[in-house]
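I set out to record, entry by entry, what I looked up in this structure. The sequence and model come first, and my notes follow.

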Amino acid sequence: MEKTAVETPEMEMNFEAALEDYLNSDFGDLDEGTIVSGEVVKVDKDYVLVDVNFKSEGQIPVAEFTDSEGNVTVNVGDKVDVYVARKNEAEGTILLSRDKAKRMQLFDKLEDVQEKDGVAVGRIIRRIKGGYTVDLGGVEAFLPGSHVDLRPVPDMDALVNQEFDFKILKINRRRSNVIVSRRVLLEEQRAEQREALLETLAEGQVVQGKVKNITEYGVFIDLGGLDGLLHITDMSWKRIKHPKEMVQLGDDLELKILNFDKEGEKVSLGLKQLVPDPWQNIAEKYPEGSKFTGTVTNLADYGAFVELEEGVEGLVHISEMSWTRKLRHPSQMVKVGEEVDVVVLGVDQDKKRISLGMKQVNPNPWDVVAEKYPEGTILEGTIKNITEFGVFIGIEEGIDGLIHVSDISWTKKIRHPSEVYKSGDSVQAKVLTVDKENEKFTLGVKQLTEDPWSHVPGKYPVGQLVNGTVTNITDFGLFVEVEEGIEGLVHVSEISRKKVKSPSEMFKEGDTIEAKVIHVSADERRLGLSIKQLKDDTEKRKPKSYGSSPADAGATLGDLLREKLQEVAGIEEAKAADEDEI
């Protein structure tokens with residue numbers, strides 16, 4: 001017969017106490033949203049069980065313990081910090097997270113860094129709108145574009161996957177929001193460098209710097225905490241249009257401090273001052289009248305700049321480019337980059353200016369023309385151009401002679417040279433003047449023959465009766481051609497003793513008239529005629545009857561005197577009319 005255990009009162013009391021201890025254990029002390037330490041009790045394919053001293057173990061996806069290569073990083077018995085996401089007292093279940101625990105611990109560290117004004121290391125992982133996303137070792141932070149550097153970054157993509165130090169500007173744990181800045185750190189570092197640099201800089205010192213910005217007027221150089229200005233005029237002894245011709249962003253340069261304002265923290269730098277000034281003793285190197293070869297570097301409306309050596313340029317004024325061509329712009333003669341021969345006309349070392357000439361390389365063709373074609377020479381040339389005031393004849397290369405419209409004919413009235421000539425005609429003419437100073441060469445065609453007016457005074461003396469044809473009628477008189485090319489004027493006062501309102505009432509062009517010569521001048525090319533006096537002479541030749549009484553005789557003498565005075569007055573009026581017409 002088996003013996004059975006007899007439950008004593010003491011045994012009942014021990015069991016109840018053990019149950020009470022289990023039910024009243026510390027399992028329920030875990031608070032949601034906190035981080036606790038646990039022990040890994042099992043690792044399988046999908047989950048890791050962690051004992052956090054609760055009624056049951058917490059189950060965590062194995063992915064939270066897996067590295068980037070897929071390897072599980074924990075073993076049974078390892079101690080790990082986990083986050084209590086949720087617990088159920090009634091069911092005795094608990095939800096844990098390793099990732100959230102690590103994230104909360106990282107936020108704690110970041111808050112500590114921010115509180116101590118420390119530095120966080122992060123890696124820029126991608127560009128986003130307005131800036132970048134930065135990985136701070138498990139927490140993604142936002143880096144505004146304005147806080148990337150001290151100045152705008154030319155290539156934003158170049159910073160991706162690079163690691164930098166950052167200052168933490170703001171943390172919002174509830175929203176998992178972190179904002180960082182790199183510029184704040186750079187500004188602090190720059191301020192420290194500036195203070196140190198200001199104690200060492202001095203005028204005349206040679207320093208190293210990096211090109212950080214380029215403008216039209218110069219280059220800003222980072223000297224390591226302090227920016228200096230390299231003005232465009234201090235970059236080279238030669239003239240440059242833009243600093244980009246010499247430097248690029250990021251270039252390392254050696255420069256000389258020209259001026260240093262410690263209080264204003266301003267530094268003026270020079271690049272050309274590191275090499276000798278090529279303008280020293282310039283007059284000795286380039287004496288006036290000497291000939292050199294240079295390169296055209298720039299064209300302006302007023303001339304061309306020619307480089308004689310590195311840093312030394314001279315100006316060829318447009319008026320010094322050609323002896324014969326009238327240029328509107330230097331580009332008609334030269335182009336940039338072309339090599340040209342020049343002669344030094346003047347040197348101003350103080351103002352760093354050299355005047356050059358191109359035409360002086362060859363003899364002045366006007367000197368040659370003056371010797372070859374003295375005044376009075378008869379030559380033949382081709383008409384190159386016709387204008388309203390004359391025709392231009394090609395004489396030598398680049399030199400034309402002018403036949404003025406007034407020098408085409410002694411007698412014909414030519415309104416436009418095209419009435420007589422056309423371009424390309426070959427013309428014989430006489431050299432009238434060669435003016436080298438004003439570069440004028442004048443010719444005449446009529447001068448090849450004798451002036452017909454030289455014979456007019458002998459052929460048509462005062463008192464001579466002439467026959468002619470009316471060629472033109474004006475308000476002041478009639479123009480009468482007495483022979484080809486020779487015209488005389490019958491003034492309106494010499495037409496009749498009666499007052500004539502308009503000569504056209506009495507004559508028309510083409511009428512043949514007879515008149516008396518009352519004035520003639522070969523020099524003035526004037527021939528004065530009178531119809532009135534011719535009639536008076538005719539009247540005088542008629543027989544006259546004289547009265548027997550003295551009164552009649554006196555009246556006839558008075559008439560004769562008045563007639564004589566009228567004749568003299570008519571001659572004077574004719575002269576005046578001739579002068580007005582000419």
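**Entry 1**

I began with a pair of side chains, Lys-167 and Glu-188, which meet in a salt bridge at 4.0 Å, N to O; I take a salt bridge to be a side-chain nitrogen of Lys or Arg within 4 Å of a carboxyl oxygen of Asp or Glu. The pair links distant parts of the chain, with Lys-167 in strand S9 and Glu-188 in helix H3, 21 residues apart. Helices (H or I, at least four residues) and strands (E, at least two) are DSSP runs, numbered from the N terminus.

I note that this is a predicted model, in which local features need pLDDT of at least 70 and side-chain atom pairs count only at pLDDT 80 or more, while totals for chains, interfaces and linings use all residues. Residues are numbered from 1 along each chain as its sequence is written, and side-chain values use heavy atoms, with hydrogens and water left out.

Next I looked up Asp-227 and Arg-190, whose side chains meet in a salt bridge of 2.4 Å, N to O. This pair also links distant parts of the chain: Asp-227 is in strand S13 (residues 227-231) and Arg-190 in helix H3, 37 residues apart. Arg-190 counts as buried at 11% relative accessibility; Asp-227, at 25%, counts as partly exposed. Salt bridges that share partners join Arg-190, Lys-212, Asp-222 and Asp-227 into one network.

I found Asp-149 in a salt bridge with Arg-182, the closest N and O atoms being 3.7 Å apart. Asp-149 lies in the loop between strand S8 (140-144) and strand S9 (163-172), and Arg-182 in the loop between strand S10 (177-181) and helix H3 (183-198), so the pair ties together parts that are 33 residues apart in sequence. Asp-149 counts as partly exposed at 24% relative accessibility, and Arg-182 is buried at 16%.

**Entry 1: Lys-359**

Where is Lys-359 placed? I located Lys-359 in the loop between strand S20 (353-357) and helix H5 (365-372). Lys-359 counts as buried at 13% relative accessibility. A polar atom of the Lys-359 side chain lies 3.1 Å from the backbone oxygen of Ser-319. Leaving aside residues up to four places away in sequence, Lys-359 touches Ser-319, Glu-320, Met-321, Ser-322 and Trp-323, a contact being heavy atoms within 4.5 Å.

**Entry 2: a nonpolar patch**

I recorded that Val-43, Val-72 and Val-76 make a nonpolar surface patch of about 220 Å². Val-72 is partly exposed, with a relative accessible area of 41%. Patches are made of residues with over 30% relative accessible area and no salt bridge, with like charges joined within 9 Å and nonpolar side chains (Val, Leu, Ile, Met, Phe, Trp, Tyr) within 5 Å. Accessible areas come from the Shrake-Rupley method with a 1.4 Å probe; for residues, only the protein chains shown count as cover.

**Entry 3: the whole chain**

Finally, I noted eight helices and 30 strands in the protein chain. Of its 582 residues, 37% count as buried. A search of the whole structure finds 26 salt bridges.

Note on methods: Buried means under 20% relative accessible area, exposed over 50%, partly exposed in between (1.4 Å probe, protein chains only). A polar contact is a pair of N or O atoms within 3.5 Å; within protein, one must be able to donate a hydrogen and the other to accept it, and residues adjacent in sequence count only if both atoms are side-chain atoms.
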